[in-house]
Every structure is written in structure tokens, then in C-alpha cells.
Number of protein chains: 2
Amino acid sequence: MSRVVLHAVVSVDGFVADPHDDPGPLFDWYFNGDQPLTAQDMADPAPGGLRVSRTSYDYVRPEWDATGCMVIGRRLFDITDGWEGRPPTGDHVVVVSHRSRPDGWHPEASYHFVDDVTAALRTAQELAGDGTIAVAAGDVGGQALALGLVDEVAMDVAPVVLGTGKRFFGSLEAQQLLEDPHVVIRGDRVLHLRFRVRR
Amino acid sequence: MSRVVLHAVVSVDGFVADPHDDPGPLFDWYFNGDQPLTAQDMADPAPGGLRVSRTSYDYVRPEWDATGCMVIGRRLFDITDGWEGRPPTGDHVVVVSHRSRPDGWHPEASYHFVDDVTAALRTAQELAGDGTIAVAAGDVGGQALALGLVDEVAMDVAPVVLGTGKRFFGSLEAQQLLEDPHVVIRGDRVLHLRFRVRR
């Protein structure tokens, strides 16, 4: 079984974006360093591409490389237009959605539209191979946690109070114990934390 | 001016207690060590008193000793019965409340009932002397932050997802940037973080 990691950048008050899905200053650390960070680490990334600090690069790069499959909600798919068929990490994406793939949308891309979280994780396990499964935070991530399908919670905590917005664990209302963090890395405008889920 | 610190123990999703004001597993670290932690560090604290790890003690003890005055909401006062007139830290308490001191309640205790947050912080500044002012998280703390009256945010993060409950920043909806944390200390069932508020 592939390891399932629930991940997002998050404010100190637990939000991954404002009410309009804008992450605002949460993403400052993606652009304040000198290490280009792209799906393939292109030598000459696009202008405006991610450039993180060395500290964050050394943490994020291996995690991205280890990803086999992403699991995301329909909203993130729609906002990003599915990254135009090229996911930022991994080769496969499972979209939790009652609606299917848009007509004619990148037919070659390994994107799979599945209508519940349990089935989505099962599909992701088939696709991920030796890689990890990265579940996007939000409603899908919170449901996966509540269903006992998450092994680790990875929070990139930005030193920002958002006050309101989209929550890391979505509308989850169940209590869940985690282990003490096994990763605590101090970046520039981000604190990288990882917690294993207590069974 | 005394330094103003907004503080609480908090879940990874930003809650300081469940909807019934029960902190539940957030407070495990207060009882899982061998260092007694009391207002006066009594050699023989009451049974069931706080006993924290050495790591947490070395962080918390100086902070408690440095506190001159606490600022709390009426709800915390009511839940704790004002700690029966003996605050856990500092010698003075300002309670933000439209209601005054209960008749006959510990007339000797330096508790001051003030009906808005700005006035409460002004009173706390008069009382705190050389000490710091510890503002309890929740609605009072969130309002103080929004009013620009907070210098530092101190979060003792427990590795727990609460899912719902009372929020660290109360009903604050304003965005606020913090500095990168200048304190990151890994305790046992707690991660001690401190952020200065960015001006």
C-alpha cells in the first residue's frame, strides 16, 4: 500500500485560502528564494515560476519526486484547469467529483474522475505504484482523514492569520489524534511540519 | 509599555477547545511530564496538578514568571471561577466583561472588570509593571490582535485535530501577517511556537 499524505500550505489559524480560494500571502515562500522548483526542475523555468529557499527546496523536492498520484477535489481541478493535464507532482491524478472529465479535455492525461473519497483512494492506490499518494487538503482531505485513509498530515505553515476562508480539514468535525511531528523545518515564511496519524 | 502576548494551547486546526469549552487532549502535555508547574512551583503540588516535561518546563516557567497581568474574557473567568482569585500567572487580571465583579467575590484579589478590549489593555498596561501582559486567545484575543494591540502570538500546538470548537482568534476575520517564528520548541505532545506580529 502506498503511503497517503494529506498536504497543503496553511495559515496559523487553519485556512488554506481565503473565501474566494485565494491563498494570498500563504504562498509567499513559493516565490521568495533562489531555487527553481518545477515539476521537472527545468533549468530555465517560466517567468514567475516557483523559486523557494534552499531549506524548503531540500524538503519539498524529495517529497514531490516521491509522489506517485495526487487526489484532489473538483474545485481545485476547476480552479487550475487540472494544471492543463500536467500535475505538479506525480504522473496521475484522481479527481473526486460527481461530474466526469470535461469533453475533449486532454484525453492523454492520466486523470481519473471518481465520485467518492473511498473509491478515489482505491483508484489512487492502483495508480501510485511505489510512489506516495498526495491528498489535497480541504473537504476531500478531511473526509479521507475521517475515513481512516490518511497516514500522514503535512502542513506548510505560513506565519499568517487569515481570519476566515477554506479550512485545511474542510468541514470535518471528527476529532483525530496525531503523533508528535517527525518533521519540523524552519523555512523563510514557512514552517514545514509533518505528523503521522495515530492509529 | 509592557509586551502583549496572545497565548493559548491550540489544535493543528486552530481550536482552543471543543464547542463545550473542553480542551480535551489539547492539555495532555500539561500532565505527561515529571516537572511540577504551579503558580509558585510548590515543592508538593496538589494531586492532579500540572506536571510537564523538562523541555516544556524550561520554556513555560520563565514565561509565567515574566507575566505581570492577564487579560481574559468573561467566559474563561466564569469557567474557572477566576481561579478563585489566584491567577496562574502574574498578580493581576483584567476581565473583559459588561458585567462587574460578582458580589462578594474575593474582594482582596486584583481583578478588574472592564467592558471593552481597548480599555482592558490600557488597564493591563497600568497594572503589569515590568511584566508582560498575557492575553487569552479567543474572542478577546482576536479583537486585541485586530486592534493592533498584540506584540506576539504564542501557540502551544497540540498534535490533535479537533474538527470544531472555539477558535484561537475568535471570530476575527481580519488578515494579519506575523514574522517567522522566533521560538520553535518540540515538547512531548506539544510544539511551542512564538511569532512576533508584523507591523
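Reply: Strand β10 of chain A and strand β12 (residues 176-177) of chain B pair in the antiparallel sense over two bridges. Strands here are DSSP runs of E with at least two residues, helices are runs of H or I with at least four residues, and both are numbered from the N terminus; two strands pair if DSSP finds at least two bridges between them. Within this pairing, A:V161 stands opposite B:Q176 in β12(B).

Before going further, a word on the ground rules. This is a predicted model, in which local features need pLDDT of at least 70 and side-chain atom pairs count only at pLDDT 80 or more, while totals for chains, interfaces and linings use all residues. Residues are numbered from 1 along each chain as its sequence is written, chains are lettered from A and ligands numbered from 1 in the order in which they are written, and side-chain values use heavy atoms, with hydrogens and water left out.

Now to the wider interface. In chain A, 37 residues are in contact (heavy atoms within 4.5 Å) with 37 residues of chain B. The two chains bury about 2,900 Å² between them, 56% of it on carbon and sulfur atoms; buried area is the accessible area (1.4 Å probe) that two parts lose on being put together, summed over both. On the chain A side, A:V161, A:D180 and A:R189 lose the most area to chain B, together 19% of what that side buries.

What about polar links? Between chain A and chain B there are 12 residue pairs in polar contact, with both residues at pLDDT 80 or more. A polar contact is a pair of N or O atoms within 3.5 Å; within protein, one must be able to donate a hydrogen and the other to accept it, and residues adjacent in sequence count only if both atoms are side-chain atoms. The count of salt bridges (a side-chain nitrogen of Lys or Arg within 4 Å of a carboxyl oxygen of Asp or Glu) between the chains is zero.

The elements of chain A that give two or more residues to this side are β10 (160-161), β12 (176-177), β13 (183-186) and β14 (191-196). By class, the side of chain A that touches chain B has 21 nonpolar, seven polar and nine charged residues. Here Ala, Val, Leu, Ile, Met, Phe, Trp, Tyr, Cys and Pro count as nonpolar, Asp, Glu, Lys and Arg as charged, and the others, Gly among them, as polar.
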